[in-house]
Amino acid sequence: MVYQTVQRKNPHLVGLAARHLQSLRRRDFVAGAAFIDGRWVATEQRDVVIDPATGEEIAYVARCGAADMTRAIAAAERSFRAWRELLPARRGTILRAWAALMLDHLDELAVLVTSEQGKPLVEARQEVAYGAGFLDWFAAEGERAYGETIPSHKPGSLLQVRMQPIGVAAAITPWNFPIAMITRKAGAALAAGCPIIVKPAPETPLSALAVARLAEEAGIPSGVFQVLVGHPIELSAPLLRDERVRALSFTGSTQVGRLLLEGAADTVKKVSLELGGHAPFLIFDDVDLDKAVKGAMAAKFATSGQDCLAANRIYVQKGIYDAFINAFAAAMAELKVGHGLEAATSIGPMTKSSVADKCRGQIDDALAKGARVICADQAPNLGPSFVPPTLLCDVTEDMLIAREETFGPVAAVLPFDTEEEVIARANANEMGLAGYVFTNDLRRALRLSERLECGMVGINTASFTGPPIPFGGWKQSGLGREGSRQGLAEYMELKYVCIGDLAA
Ligand code: NAD
(Lines give C-alpha, C1' and ligand atoms only; values in the text may rest on other atoms or scores of the structure.)
Protein backbone atom coordinates (compact mmCIF):
# COMPACT_ATOMS: atom_id res chain seq x y z
CA MET A 1 0.00 0.00 0.00
CA VAL A 2 2.72 2.47 1.05
CA TYR A 3 4.88 1.19 -1.78
CA GLN A 4 2.14 1.68 -4.38
CA THR A 5 1.45 5.24 -3.24
CA VAL A 6 5.11 6.15 -3.41
CA GLN A 7 5.61 4.41 -6.73
CA ARG A 8 2.81 6.44 -8.23
CA LYS A 9 3.72 9.80 -6.77
CA ASN A 10 7.48 9.64 -6.27
CA PRO A 11 9.04 7.31 -8.82
CA HIS A 12 12.48 8.80 -8.06
CA LEU A 13 12.42 7.25 -4.57
CA VAL A 14 11.63 3.77 -5.79
CA GLY A 15 14.64 1.47 -5.75
CA LEU A 16 16.89 4.08 -4.13
CA ALA A 17 17.65 2.08 -0.98
CA ALA A 18 17.93 -1.20 -2.88
CA ARG A 19 20.51 0.36 -5.24
CA HIS A 20 22.54 1.65 -2.30
CA LEU A 21 22.47 -1.76 -0.64
CA GLN A 22 23.49 -3.48 -3.88
CA SER A 23 26.49 -1.19 -4.19
CA LEU A 24 27.91 -2.14 -0.78
CA ARG A 25 31.34 -3.75 -1.02
CA ARG A 26 30.53 -5.86 2.01
CA ARG A 27 27.92 -8.21 0.57
CA ASP A 28 27.87 -10.09 3.88
CA PHE A 29 26.31 -7.00 5.52
CA VAL A 30 23.05 -7.81 3.73
CA ALA A 31 23.27 -11.60 3.92
CA GLY A 32 20.72 -11.64 6.75
CA ALA A 33 22.02 -14.66 8.68
CA ALA A 34 21.71 -14.68 12.47
CA PHE A 35 24.88 -14.90 14.56
CA ILE A 36 24.69 -17.71 17.11
CA ASP A 37 27.63 -19.32 18.90
CA GLY A 38 30.14 -17.92 16.40
CA ARG A 39 28.23 -19.24 13.38
CA TRP A 40 26.16 -17.51 10.72
CA VAL A 41 22.83 -19.26 10.77
CA ALA A 42 20.23 -19.22 8.00
CA THR A 43 16.68 -20.21 8.94
CA GLU A 44 13.84 -21.64 6.92
CA GLN A 45 11.60 -18.73 7.76
CA ARG A 46 12.74 -15.24 6.90
CA ASP A 47 11.64 -11.75 7.87
CA VAL A 48 11.53 -8.93 5.41
CA VAL A 49 13.30 -5.59 5.84
CA ILE A 50 11.43 -2.54 4.56
CA ASP A 51 12.62 0.88 3.42
CA PRO A 52 10.36 3.02 5.63
CA ALA A 53 10.39 5.87 3.10
CA THR A 54 8.76 3.83 0.36
CA GLY A 55 7.49 0.62 1.92
CA GLU A 56 9.62 -1.42 -0.50
CA GLU A 57 11.14 -4.73 0.54
CA ILE A 58 14.91 -4.26 0.54
CA ALA A 59 16.34 -7.37 2.24
CA TYR A 60 15.55 -10.59 4.08
CA VAL A 61 16.88 -11.81 7.39
CA ALA A 62 16.78 -15.10 9.25
CA ARG A 63 13.81 -15.42 11.58
CA CYS A 64 15.02 -17.15 14.73
CA GLY A 65 12.72 -18.91 17.16
CA ALA A 66 12.70 -19.83 20.84
CA ALA A 67 14.89 -22.93 20.27
CA ASP A 68 17.57 -20.76 18.60
CA MET A 69 17.48 -18.40 21.55
CA THR A 70 17.89 -21.26 24.01
CA ARG A 71 20.94 -22.43 22.03
CA ALA A 72 22.30 -18.89 22.17
CA ILE A 73 21.85 -18.74 25.94
CA ALA A 74 23.71 -22.03 26.34
CA ALA A 75 26.53 -20.77 24.09
CA ALA A 76 26.76 -17.55 26.07
CA GLU A 77 26.92 -19.46 29.34
CA ARG A 78 29.72 -21.68 27.96
CA SER A 79 31.69 -18.63 26.83
CA PHE A 80 31.35 -16.78 30.13
CA ARG A 81 34.21 -18.24 32.14
CA ALA A 82 36.94 -17.74 29.54
CA TRP A 83 35.72 -14.22 28.74
CA ARG A 84 35.57 -13.10 32.37
CA GLU A 85 39.02 -14.54 33.01
CA LEU A 86 40.64 -12.58 30.19
CA LEU A 87 42.52 -9.63 31.57
CA PRO A 88 40.43 -6.45 31.27
CA ALA A 89 43.19 -4.93 29.16
CA ARG A 90 42.88 -7.80 26.68
CA ARG A 91 39.10 -7.40 26.53
CA GLY A 92 39.74 -3.70 25.99
CA THR A 93 42.02 -4.41 23.03
CA ILE A 94 39.28 -6.47 21.38
CA LEU A 95 36.66 -3.78 22.02
CA ARG A 96 38.96 -1.13 20.52
CA ALA A 97 39.52 -3.31 17.45
CA TRP A 98 35.73 -3.61 17.08
CA ALA A 99 35.33 0.18 17.34
CA ALA A 100 38.08 0.71 14.76
CA LEU A 101 36.40 -1.70 12.35
CA MET A 102 33.13 0.20 12.75
CA LEU A 103 34.89 3.43 11.86
CA ASP A 104 36.61 1.73 8.89
CA HIS A 105 33.15 0.73 7.65
CA LEU A 106 31.39 3.92 8.69
CA ASP A 107 29.96 4.72 5.25
CA GLU A 108 28.58 1.26 4.63
CA LEU A 109 27.07 0.96 8.10
CA ALA A 110 25.47 4.38 7.63
CA VAL A 111 23.84 3.24 4.39
CA LEU A 112 22.35 0.26 6.23
CA VAL A 113 21.02 2.48 9.03
CA THR A 114 19.42 4.95 6.64
CA SER A 115 17.99 2.27 4.36
CA GLU A 116 16.12 0.48 7.13
CA GLN A 117 15.63 3.23 9.74
CA GLY A 118 15.11 6.23 7.47
CA LYS A 119 17.25 8.88 9.20
CA PRO A 120 19.27 11.26 7.00
CA LEU A 121 22.60 9.78 5.97
CA VAL A 122 24.55 12.50 7.77
CA GLU A 123 22.86 11.51 11.05
CA ALA A 124 23.43 7.82 10.32
CA ARG A 125 27.14 8.54 9.94
CA GLN A 126 27.11 10.39 13.26
CA GLU A 127 25.36 7.45 14.87
CA VAL A 128 28.03 4.99 13.69
CA ALA A 129 30.78 7.17 15.18
CA TYR A 130 28.73 7.70 18.37
CA GLY A 131 28.17 3.93 18.60
CA ALA A 132 31.85 3.11 18.11
CA GLY A 133 32.64 5.63 20.86
CA PHE A 134 30.90 3.46 23.48
CA LEU A 135 33.12 0.49 22.62
CA ASP A 136 36.24 2.62 22.89
CA TRP A 137 35.19 4.23 26.14
CA PHE A 138 34.18 0.99 27.85
CA ALA A 139 37.40 -0.65 26.63
CA ALA A 140 39.19 1.60 29.11
CA GLU A 141 36.49 1.68 31.78
CA GLY A 142 36.61 -2.11 32.11
CA GLU A 143 40.09 -1.69 33.54
CA ARG A 144 38.71 0.59 36.24
CA ALA A 145 36.05 -1.65 37.75
CA TYR A 146 37.55 -0.93 41.14
CA GLY A 147 36.17 -2.30 44.35
CA GLU A 148 36.69 -0.80 47.80
CA THR A 149 38.43 -1.49 51.05
CA ILE A 150 36.25 -0.70 54.07
CA PRO A 151 37.81 0.43 57.36
CA SER A 152 37.07 -2.60 59.48
CA HIS A 153 34.54 -2.71 62.30
CA LYS A 154 35.91 -6.14 63.32
CA PRO A 155 39.28 -6.52 65.08
CA GLY A 156 41.90 -8.38 63.02
CA SER A 157 39.97 -8.43 59.77
CA LEU A 158 40.13 -6.91 56.31
CA LEU A 159 36.93 -5.91 54.53
CA GLN A 160 36.79 -5.78 50.73
CA VAL A 161 34.13 -5.04 48.17
CA ARG A 162 34.79 -6.56 44.77
CA MET A 163 33.06 -5.97 41.46
CA GLN A 164 32.43 -9.15 39.49
CA PRO A 165 30.71 -9.76 36.15
CA ILE A 166 27.10 -10.75 36.64
CA GLY A 167 26.89 -13.46 33.95
CA VAL A 168 24.99 -13.77 30.69
CA ALA A 169 23.31 -10.51 29.66
CA ALA A 170 20.53 -9.87 27.16
CA ALA A 171 19.78 -6.68 25.24
CA ILE A 172 16.48 -5.83 23.58
CA THR A 173 17.14 -2.80 21.42
CA PRO A 174 15.08 -0.20 19.54
CA TRP A 175 14.92 0.96 15.94
CA ASN A 176 15.63 4.66 16.44
CA PHE A 177 19.37 4.14 17.10
CA PRO A 178 19.90 0.69 15.62
CA ILE A 179 23.67 0.69 16.14
CA ALA A 180 24.40 2.94 19.11
CA MET A 181 21.85 1.31 21.42
CA ILE A 182 23.55 -2.03 20.77
CA THR A 183 27.10 -0.83 21.38
CA ARG A 184 26.09 1.19 24.46
CA LYS A 185 24.83 -2.02 26.05
CA ALA A 186 27.36 -4.46 24.56
CA GLY A 187 30.36 -2.21 25.28
CA ALA A 188 29.48 -2.13 28.97
CA ALA A 189 28.61 -5.84 29.23
CA LEU A 190 31.70 -7.07 27.41
CA ALA A 191 34.01 -4.71 29.30
CA ALA A 192 32.53 -5.99 32.55
CA GLY A 193 33.32 -9.56 31.48
CA CYS A 194 29.79 -10.65 30.49
CA PRO A 195 28.64 -12.27 27.25
CA ILE A 196 25.63 -10.55 25.71
CA ILE A 197 22.82 -11.68 23.41
CA VAL A 198 21.16 -8.96 21.32
CA LYS A 199 17.60 -9.02 20.03
CA PRO A 200 17.37 -5.99 17.77
CA ALA A 201 14.14 -4.34 16.67
CA PRO A 202 12.55 -6.21 13.74
CA GLU A 203 12.56 -2.96 11.74
CA THR A 204 16.36 -2.58 11.85
CA PRO A 205 18.08 -5.99 11.82
CA LEU A 206 20.65 -5.26 9.09
CA SER A 207 22.57 -2.74 11.19
CA ALA A 208 22.71 -5.18 14.11
CA LEU A 209 23.89 -8.09 11.97
CA ALA A 210 26.56 -5.98 10.26
CA VAL A 211 27.88 -4.88 13.64
CA ALA A 212 28.04 -8.58 14.58
CA ARG A 213 30.15 -9.29 11.46
CA LEU A 214 32.64 -6.72 12.71
CA ALA A 215 32.53 -8.10 16.26
CA GLU A 216 33.57 -11.47 14.86
CA GLU A 217 36.39 -9.89 12.86
CA ALA A 218 37.59 -8.01 15.94
CA GLY A 219 38.19 -11.34 17.66
CA ILE A 220 35.26 -11.56 20.05
CA PRO A 221 35.10 -15.28 20.92
CA SER A 222 32.16 -17.52 19.98
CA GLY A 223 29.12 -17.06 22.18
CA VAL A 224 30.30 -13.79 23.72
CA PHE A 225 28.33 -11.56 21.34
CA GLN A 226 25.30 -12.97 19.49
CA VAL A 227 22.48 -11.42 17.46
CA LEU A 228 19.12 -13.09 16.86
CA VAL A 229 16.29 -11.52 14.89
CA GLY A 230 12.71 -12.71 15.15
CA HIS A 231 9.35 -12.19 16.79
CA PRO A 232 9.86 -10.09 19.93
CA ILE A 233 7.66 -12.18 22.22
CA GLU A 234 8.96 -15.52 20.97
CA LEU A 235 12.58 -14.45 21.42
CA SER A 236 12.19 -12.60 24.70
CA ALA A 237 10.30 -15.44 26.42
CA PRO A 238 13.36 -17.73 26.78
CA LEU A 239 15.51 -14.77 27.77
CA LEU A 240 13.11 -13.91 30.58
CA ARG A 241 12.51 -17.47 31.71
CA ASP A 242 16.07 -18.74 31.72
CA GLU A 243 17.86 -18.33 35.01
CA ARG A 244 21.24 -18.35 33.26
CA VAL A 245 20.40 -14.88 31.91
CA ARG A 246 21.31 -12.64 34.82
CA ALA A 247 20.94 -9.15 33.36
CA LEU A 248 18.45 -7.65 30.92
CA SER A 249 18.85 -4.26 29.33
CA PHE A 250 16.01 -2.78 27.29
CA THR A 251 15.47 0.43 25.34
CA GLY A 252 12.02 1.15 23.97
CA SER A 253 8.52 2.02 25.04
CA THR A 254 7.44 2.25 28.68
CA GLN A 255 4.63 -0.19 27.92
CA VAL A 256 7.02 -2.96 26.82
CA GLY A 257 9.47 -2.02 29.58
CA ARG A 258 6.78 -2.77 32.18
CA LEU A 259 6.10 -6.18 30.60
CA LEU A 260 9.78 -7.10 30.61
CA LEU A 261 10.23 -5.95 34.21
CA GLU A 262 7.34 -8.16 35.21
CA GLY A 263 8.67 -11.07 33.12
CA ALA A 264 12.12 -10.77 34.69
CA ALA A 265 10.71 -10.94 38.21
CA ASP A 266 10.43 -14.74 38.31
CA THR A 267 14.16 -15.21 37.95
CA VAL A 268 14.99 -11.90 39.69
CA LYS A 269 17.24 -10.55 36.96
CA LYS A 270 19.06 -7.28 37.16
CA VAL A 271 17.00 -5.11 34.81
CA SER A 272 17.91 -1.80 33.27
CA LEU A 273 15.30 0.07 31.30
CA GLU A 274 15.67 3.11 29.09
CA LEU A 275 12.10 4.02 28.24
CA GLY A 276 10.08 6.87 26.86
CA GLY A 277 10.64 10.56 27.50
CA HIS A 278 8.51 13.68 27.43
CA ALA A 279 11.18 16.31 27.84
CA PRO A 280 10.20 19.82 28.92
CA PHE A 281 12.30 22.53 27.27
CA LEU A 282 12.09 25.76 29.29
CA ILE A 283 12.96 29.07 27.61
CA PHE A 284 13.04 32.24 29.74
CA ASP A 285 12.66 35.89 28.66
CA ASP A 286 16.26 36.74 29.46
CA VAL A 287 17.70 34.27 26.96
CA ASP A 288 19.63 34.87 23.76
CA LEU A 289 16.87 34.12 21.22
CA ASP A 290 19.15 32.67 18.53
CA LYS A 291 20.72 30.24 20.96
CA ALA A 292 17.32 29.13 22.26
CA VAL A 293 16.02 28.55 18.72
CA LYS A 294 19.14 26.58 17.78
CA GLY A 295 18.85 24.50 20.93
CA ALA A 296 15.14 23.80 20.44
CA MET A 297 15.70 22.85 16.79
CA ALA A 298 18.41 20.37 17.75
CA ALA A 299 16.43 18.97 20.67
CA LYS A 300 13.23 18.59 18.62
CA PHE A 301 14.29 17.49 15.17
CA ALA A 302 17.32 15.20 15.60
CA THR A 303 16.51 11.70 14.33
CA SER A 304 13.45 13.27 12.69
CA GLY A 305 12.01 13.67 16.19
CA GLN A 306 12.23 9.92 16.92
CA ASP A 307 14.41 10.40 19.94
CA CYS A 308 13.65 9.79 23.59
CA LEU A 309 15.50 13.03 24.44
CA ALA A 310 13.31 15.04 22.05
CA ALA A 311 11.91 18.34 23.37
CA ASN A 312 8.28 17.33 23.61
CA ARG A 313 6.97 20.39 25.43
CA ILE A 314 8.64 23.69 24.60
CA TYR A 315 7.59 26.12 27.35
CA VAL A 316 8.32 29.74 26.39
CA GLN A 317 7.98 32.70 28.78
CA LYS A 318 5.41 35.21 27.59
CA GLY A 319 7.81 38.14 27.08
CA ILE A 320 9.67 36.25 24.36
CA TYR A 321 6.85 34.01 23.13
CA ASP A 322 5.93 35.71 19.83
CA ALA A 323 9.52 36.41 18.90
CA PHE A 324 10.41 32.78 19.59
CA ILE A 325 7.53 31.42 17.50
CA ASN A 326 8.54 33.58 14.53
CA ALA A 327 12.21 32.65 14.72
CA PHE A 328 11.47 28.98 15.34
CA ALA A 329 9.03 28.81 12.41
CA ALA A 330 11.65 30.43 10.17
CA ALA A 331 14.24 27.85 11.24
CA MET A 332 11.75 25.02 10.67
CA ALA A 333 11.08 26.26 7.14
CA GLU A 334 14.70 25.37 6.35
CA LEU A 335 14.13 21.70 7.17
CA LYS A 336 14.04 19.53 4.11
CA VAL A 337 11.84 16.45 4.21
CA GLY A 338 12.88 13.56 2.00
CA HIS A 339 14.43 10.16 1.66
CA GLY A 340 17.35 9.80 4.05
CA LEU A 341 19.63 8.78 1.18
CA GLU A 342 19.06 12.10 -0.64
CA ALA A 343 21.82 14.55 0.24
CA ALA A 344 19.66 17.55 1.17
CA THR A 345 17.34 15.67 3.55
CA SER A 346 17.17 16.75 7.17
CA ILE A 347 13.89 14.99 8.10
CA GLY A 348 13.34 11.41 6.94
CA PRO A 349 10.29 9.15 7.14
CA MET A 350 8.94 7.75 10.39
CA THR A 351 10.42 4.29 10.82
CA LYS A 352 7.08 2.78 11.90
CA SER A 353 3.69 3.71 10.52
CA SER A 354 2.32 3.69 14.08
CA VAL A 355 4.61 6.63 14.90
CA ALA A 356 3.41 8.64 11.88
CA ASP A 357 -0.20 7.88 12.85
CA LYS A 358 0.43 8.99 16.42
CA CYS A 359 1.88 12.30 15.18
CA ARG A 360 -1.16 12.94 12.99
CA GLY A 361 -3.48 12.01 15.88
CA GLN A 362 -1.74 14.48 18.20
CA ILE A 363 -1.95 17.25 15.57
CA ASP A 364 -5.68 16.65 15.03
CA ASP A 365 -6.34 16.56 18.76
CA ALA A 366 -4.41 19.79 19.37
CA LEU A 367 -6.22 21.60 16.53
CA ALA A 368 -9.59 20.43 17.80
CA LYS A 369 -8.72 21.84 21.22
CA GLY A 370 -7.62 25.25 19.96
CA ALA A 371 -3.89 25.07 19.14
CA ARG A 372 -2.64 27.16 16.23
CA VAL A 373 -0.70 25.29 13.59
CA ILE A 374 2.17 26.68 11.62
CA CYS A 375 3.25 23.99 9.25
CA ALA A 376 5.65 24.06 6.37
CA ASP A 377 3.70 21.43 4.47
CA GLN A 378 6.47 20.52 2.10
CA ALA A 379 5.92 16.78 1.83
CA PRO A 380 2.31 16.29 0.84
CA ASN A 381 3.10 13.67 -1.76
CA LEU A 382 6.02 11.81 -0.31
CA GLY A 383 3.91 9.07 1.20
CA PRO A 384 2.16 8.16 4.43
CA SER A 385 5.32 7.51 6.44
CA PHE A 386 6.38 11.16 6.14
CA VAL A 387 5.23 13.72 8.69
CA PRO A 388 6.02 17.29 7.66
CA PRO A 389 7.67 19.33 10.45
CA THR A 390 4.74 20.90 12.20
CA LEU A 391 4.68 23.72 14.72
CA LEU A 392 1.77 23.78 17.15
CA CYS A 393 1.47 27.00 19.20
CA ASP A 394 -0.67 27.86 22.22
CA VAL A 395 -0.67 24.22 23.27
CA THR A 396 -2.43 23.56 26.58
CA GLU A 397 -1.99 20.78 29.11
CA ASP A 398 -5.25 19.07 28.15
CA MET A 399 -3.96 18.26 24.65
CA LEU A 400 -2.53 14.79 23.96
CA ILE A 401 0.76 16.24 22.77
CA ALA A 402 1.29 17.90 26.16
CA ARG A 403 0.66 14.64 27.98
CA GLU A 404 2.27 11.88 25.88
CA GLU A 405 5.49 11.40 23.95
CA THR A 406 5.30 12.37 20.26
CA PHE A 407 8.38 10.68 18.73
CA GLY A 408 8.11 12.64 15.49
CA PRO A 409 8.76 16.10 13.98
CA VAL A 410 5.82 17.85 15.64
CA ALA A 411 6.80 20.71 17.96
CA ALA A 412 4.47 21.80 20.74
CA VAL A 413 4.98 25.31 22.16
CA LEU A 414 3.29 26.35 25.41
CA PRO A 415 3.38 29.86 26.92
CA PHE A 416 4.13 30.44 30.63
CA ASP A 417 4.40 33.33 33.09
CA THR A 418 6.57 32.44 36.06
CA GLU A 419 9.36 30.08 37.06
CA GLU A 420 7.26 28.59 39.85
CA GLU A 421 4.39 27.88 37.45
CA VAL A 422 6.56 26.32 34.73
CA ILE A 423 8.51 23.99 37.00
CA ALA A 424 5.22 22.63 38.37
CA ARG A 425 3.92 22.08 34.83
CA ALA A 426 7.18 20.55 33.63
CA ASN A 427 7.21 18.04 36.49
CA ALA A 428 3.53 17.11 36.23
CA ASN A 429 4.16 14.03 34.11
CA GLU A 430 4.96 10.40 34.80
CA MET A 431 8.04 10.56 32.53
CA GLY A 432 11.37 11.92 33.70
CA LEU A 433 14.11 11.26 31.18
CA ALA A 434 15.54 14.65 30.18
CA GLY A 435 14.81 18.34 30.69
CA TYR A 436 16.28 21.52 29.21
CA VAL A 437 16.60 25.04 30.60
CA PHE A 438 17.57 28.06 28.51
CA THR A 439 18.24 31.16 30.60
CA ASN A 440 21.05 33.64 31.21
CA ASP A 441 20.29 33.77 34.93
CA LEU A 442 22.82 31.49 36.60
CA ARG A 443 20.96 31.25 39.89
CA ARG A 444 17.72 30.34 38.11
CA ALA A 445 19.53 27.73 36.01
CA LEU A 446 20.96 26.09 39.12
CA ARG A 447 17.62 26.21 40.95
CA LEU A 448 15.83 24.56 38.05
CA SER A 449 18.51 21.95 37.49
CA GLU A 450 17.86 20.93 41.11
CA ARG A 451 14.10 20.93 40.84
CA LEU A 452 13.49 19.24 37.48
CA GLU A 453 12.33 15.67 38.09
CA CYS A 454 14.40 13.91 35.45
CA GLY A 455 17.60 11.96 35.03
CA MET A 456 19.40 14.40 32.70
CA VAL A 457 19.33 18.18 32.42
CA GLY A 458 20.80 20.34 29.66
CA ILE A 459 21.40 23.96 30.70
CA ASN A 460 21.68 26.20 27.63
CA THR A 461 22.53 23.18 25.50
CA ALA A 462 20.75 20.41 23.67
CA SER A 463 23.87 18.35 23.21
CA PHE A 464 24.94 16.34 26.24
CA THR A 465 24.95 12.63 25.54
CA GLY A 466 28.03 10.47 25.04
CA PRO A 467 29.89 7.55 26.57
CA PRO A 468 31.00 9.15 29.89
CA ILE A 469 27.58 10.35 31.05
CA PRO A 470 25.01 8.34 33.04
CA PHE A 471 22.14 8.11 30.55
CA GLY A 472 18.78 7.23 32.07
CA GLY A 473 15.56 8.46 33.52
CA TRP A 474 13.52 8.96 36.66
CA LYS A 475 9.95 7.89 37.27
CA GLN A 476 8.48 5.81 34.42
CA SER A 477 11.30 6.74 32.06
CA GLY A 478 13.38 3.88 33.32
CA LEU A 479 15.65 2.09 35.75
CA GLY A 480 19.42 2.09 35.92
CA ARG A 481 21.90 3.91 33.72
CA GLU A 482 23.77 3.36 30.47
CA GLY A 483 27.17 4.73 29.51
CA SER A 484 29.47 5.96 32.31
CA ARG A 485 30.84 3.93 35.22
CA GLN A 486 27.25 3.52 36.42
CA GLY A 487 26.50 1.80 33.11
CA LEU A 488 29.34 -0.66 33.67
CA ALA A 489 27.94 -1.47 37.12
CA GLU A 490 24.65 -2.65 35.53
CA TYR A 491 26.58 -5.75 34.39
CA MET A 492 28.39 -6.38 37.68
CA GLU A 493 27.60 -7.80 41.07
CA LEU A 494 29.13 -6.52 44.28
CA LYS A 495 30.80 -9.04 46.48
CA TYR A 496 31.70 -8.26 50.06
CA VAL A 497 34.58 -10.35 51.43
CA CYS A 498 35.59 -10.37 55.10
CA ILE A 499 39.07 -11.77 55.73
CA GLY A 500 39.23 -12.52 59.46
CA ASP A 501 41.62 -13.90 62.03
CA LEU A 502 44.54 -11.73 60.90
CA ALA A 503 45.81 -10.83 64.38
CA ALA A 504 49.42 -12.10 64.86
P1 NAD B 1 8.73 -1.08 21.42
O2 NAD B 1 8.95 -0.86 22.86
O3 NAD B 1 7.57 -1.91 20.99
O4 NAD B 1 10.04 -1.72 20.73
C5 NAD B 1 11.34 -1.69 21.27
C6 NAD B 1 11.94 -3.08 21.29
O7 NAD B 1 11.12 -3.94 22.10
C8 NAD B 1 12.03 -3.77 19.93
O9 NAD B 1 13.20 -4.55 19.90
C10 NAD B 1 10.81 -4.65 19.92
O11 NAD B 1 10.95 -5.75 19.04
C12 NAD B 1 10.77 -5.11 21.37
N13 NAD B 1 9.46 -5.56 21.82
C14 NAD B 1 8.25 -5.10 21.48
N15 NAD B 1 7.28 -5.76 22.13
C16 NAD B 1 7.90 -6.67 22.91
C17 NAD B 1 7.44 -7.66 23.83
N18 NAD B 1 6.14 -7.83 24.09
N19 NAD B 1 8.35 -8.42 24.45
C20 NAD B 1 9.67 -8.26 24.21
N21 NAD B 1 10.17 -7.35 23.37
C22 NAD B 1 9.29 -6.55 22.71
O23 NAD B 1 8.63 0.31 20.76
P24 NAD B 1 7.81 0.67 19.44
O25 NAD B 1 6.41 0.20 19.45
O26 NAD B 1 8.64 0.23 18.30
O27 NAD B 1 7.77 2.24 19.58
C28 NAD B 1 6.68 2.79 20.31
C29 NAD B 1 7.12 3.93 21.15
O30 NAD B 1 8.17 3.52 22.03
C31 NAD B 1 7.73 5.09 20.39
O32 NAD B 1 6.75 5.88 19.81
C33 NAD B 1 8.47 5.75 21.51
O34 NAD B 1 7.59 6.49 22.30
C35 NAD B 1 9.00 4.60 22.32
N36 NAD B 1 10.40 4.26 21.96
C37 NAD B 1 11.36 4.77 22.74
C38 NAD B 1 12.68 4.54 22.44
C39 NAD B 1 13.76 5.11 23.28
O40 NAD B 1 14.80 5.45 22.75
N41 NAD B 1 13.57 5.19 24.58
C42 NAD B 1 13.01 3.76 21.34
C43 NAD B 1 11.98 3.21 20.55
C44 NAD B 1 10.68 3.48 20.90
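**Exercise 1.** In this predicted model, work out how the axes of helix H6 (residues 121-141) and helix H7 (residues 180-192) are oriented to each other.

*Solution.* Start with the axes: they come within 8 Å and cross at roughly 10°. Next, recall the cut-off: angles under 35 degrees count as roughly parallel. H6 and H7 are therefore roughly parallel to each other. Now look at who makes the contact: H6 brings Glu-127, Tyr-130, Gly-131, Phe-134, Leu-135 and Phe-138, while H7 brings Ala-180, Thr-183, Arg-184, Gly-187, Ala-188 and Ala-191. Finally, sort these residues by type: seven are nonpolar, three polar and two charged.

**Exercise 2.** Check the span of helix H8 (residues 205-218), then decide whether H8 is largely enclosed.

*Solution.* Among the buried ones you will find Pro-205, Leu-206, Arg-213 and Ala-218. Third, step just past H8, where Gly-219 takes a positive phi of about 100°.

**Exercise 3.** Find how the protein chain is divided into domains, and how far apart their C-alpha centres lie.

*Solution.* Domain 1 covers 16-275 + 481-489, and domain 2 covers 279-466. Their C-alpha centres lie 30 Å apart. To the contact, domain 1 gives 26 residues and domain 2 gives 29 residues.

Technical notes: Residues are numbered from 1 along each chain as its sequence is written. This is a predicted model: local features need pLDDT of at least 70, side-chain atom pairs count only at pLDDT 80 or more; totals for chains, interfaces and linings use all residues. Side-chain values use heavy atoms; hydrogens and water are left out. Axes are lines fitted to C-alpha atoms, for helices over the stretch in contact, and angles run from 0 to 180 degrees between N-to-C directions. Helices (H or I, at least four residues) and strands (E, at least two) are DSSP runs, numbered from the N terminus. Angles under 35 degrees count as roughly parallel, over 145 as roughly antiparallel, 65 to 115 as roughly perpendicular and the rest as oblique. Contact means heavy atoms within 4.5 Å. Ala, Val, Leu, Ile, Met, Phe, Trp, Tyr, Cys and Pro count as nonpolar, Asp, Glu, Lys and Arg as charged, and the others, Gly among them, as polar. The expected span of a helix is 1.5 Å times one less than its number of residues. Buried means under 20% relative accessible area, exposed over 50%, partly exposed in between (1.4 Å probe, protein chains only). Domain bounds come from an automatic or database domain assignment.
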